[in-house]
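Colleague: I am new to reading protein models, and I would like to learn how to describe one with care. Could we go through it step by step?

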Amino acid sequence: MGSRARRKQRWCAQTLTPLLEGPDPDMQEEGNKKESSWEVIREWFRLQKGLSAGNNFSVSLYGSIPVKRQDLRLLLGVLGCPLAPIPLVNDPIHRIHIKNTPIENSAAHYIIQQYLAATRCLKQQKCMKNMYSTGSVKMIRCETEISSGKNVKSLGTRSGESGCFVLWQMLPGMWSLELVVGENKVIAGSDGKTVWRHTPWLGTHAAKGPQRPLRRIIQGLDPKCTANLFAKAQCLGEKRIGEDDCFVLKVAADREAVMERSEGPAEVLRHVLYGYFCQKSGLLMYLEDSHLTRVQTPENETIYWETTIGSSIGDYRDVDGVLIAHQGRSIATVFRFEEVSVQHSRTRMEEEWRIDDVVFNVPGLSMDYFIPPADIFDASP
């Protein structure tokens with residue numbers, strides 16, 4: 001059974017073509033530079049200011065790079081493998097302490113119990129030790145709006161790239177993701193202690209701060225993981241999402257956690273996650289998080305980057321007795337603004353995703369599948 005599972009893994013990996021396995025030929029001069037994700041986003045926004053409607057190339061510190069490829073890098077940087085704002089709670093999710101608990105927290109506990117019941121996790125007798133899933137994505141970069149006060153200029157058009165991904169998970173806290181879109185592959189993983197990511201343009205680097213779950217997993221793919229994430233949530237009230245009345249739950253990273261995630265001139269100020277649970281069905285219908293970073297530039301200017309990702313979640317289907325979301329759509333907005341300037345930029349991105357296959361308790365899957373690459377330690381400061 002173990003060899004059959006490994007054959008299935010190799011077969012799925014072969015479908016993730018075409019791949020850009022070697023160094024990006026347009027990024028050859030980047031090899032000796034240590035950069036972070038926010039620097040790629042900053043450079044991308046800087047290039048947008050100099051683009052005219054008909055340009056296909058732009059000169060940056062990386063040389064001449066097609067604008068379409070720059071767009072894809074931004075898409076993968078924002079929507080490829082984002083993490084949830086907080087670590088998972090280790091306390092059992094079925095324990096509810098009513099005494100001396102604020103009404104906002106006790107109401108959230110009750111809503112989470114309804115969610116677990118709706119997804120049939122509470123009735124599930126066997127323990128889900130691991131999970132394997134495959135899916136497809138389509139990423140679309142929409143127009144960028146650059147405002148200088150009175151004038152607003154729109155750049156770019158809707159351009160999309162299709163791709164697919166393979167995701168493995170092993171409890172507690174281990175996961176591995178391979179995502180291929182266009183000619184680029186993003187690989188990310190966690191061994192339960194270190195979260196890391198590899199892209200052709202940034203190489204391999206570890207995520208700073210507490211170990212946090214992959215956002216794709218909590219988008220209805222693993223209901224127990226989602227429930228644990230909202231174990232200490234607050235209920236903010238009600239809101240209508242589409243045709244459904246939903247309860248709104250909120251969890252936020254504490255100050256110490258976001259400070260640990262700061263790197264160099266980039267300081268993370270807040271990261272908040274909102275979950276919208278249908279009052280009628282009890283299922284998770286919408287997920288939204290907001291991430292604010294302050295960057296001190298070499299020119300001594302303070303720039304703020306706010307990234308907001310909202311995901312509609314649906315098409316719940318039974319998989320071994322558990323309801324799993326099989327389809328969704330994410331809309332991300334990257335907003336750049338300064339303290340003393342009226343100029344700001346806003347870019348909107350979309351991702352449509354679909355789950356093609358989910359398997360629980362894959363035989364032969366072990367901790368060896370989630371070992372970080374050797375160069376993660378070389379890349380560490």
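Modeller: Let us begin with a term: a contact means that heavy atoms lie within 4.5 Å. In this predicted model, 63% of the contacts in the chain between residues at least 6 apart in sequence join residues that are at least 24 apart.

Colleague: How many helices and strands does the chain have?

Modeller: The chain has 8 helices and 16 strands, and one of the helices, α6, covers residues 223–229 and includes T226.

Colleague: What share of the 381 residues in the chain is buried?

Modeller: A residue is called buried when its relative accessible area is under 20%, and by that rule buried residues make up 50% of the 381 residues. The chain still exposes about 18,600 Å², of which carbon and sulfur atoms supply 50%.

Colleague: Does T226 count as buried or exposed, and why?

Modeller: T226 counts as buried because its relative accessibility is 1%, which is under the 20% cut-off. Leaving out residues up to four places away in sequence, T226 touches Y115, I217, I218, G220 and L284. With I218 there is also a polar atom of the T226 side chain lying 3.0 Å from the backbone oxygen of I218.

Colleague: Where does T119 lie, and which residues is T119 in contact with?

Modeller: T119 lies in the loop between α4 (103–118) and β3 (130–147), and T119 counts as buried because its relative accessibility is 0%. Beyond its neighbours within four places in sequence, T119 is in contact with P223, L283, G321, V322 and L323.

Key:
Residues are numbered from 1 along each chain as its sequence is written. This is a predicted model: local features need pLDDT of at least 70, side-chain atom pairs count only at pLDDT 80 or more; totals for chains, interfaces and linings use all residues. Side-chain values use heavy atoms; hydrogens and water are left out. Helices (H or I, at least four residues) and strands (E, at least two) are DSSP runs, numbered from the N terminus. Buried means under 20% relative accessible area, exposed over 50%, partly exposed in between (1.4 Å probe, protein chains only). Accessible areas come from the Shrake-Rupley method with a 1.4 Å probe; for residues, only the protein chains shown count as cover. A polar contact is a pair of N or O atoms within 3.5 Å; within protein, one must be able to donate a hydrogen and the other to accept it, and residues adjacent in sequence count only if both atoms are side-chain atoms.
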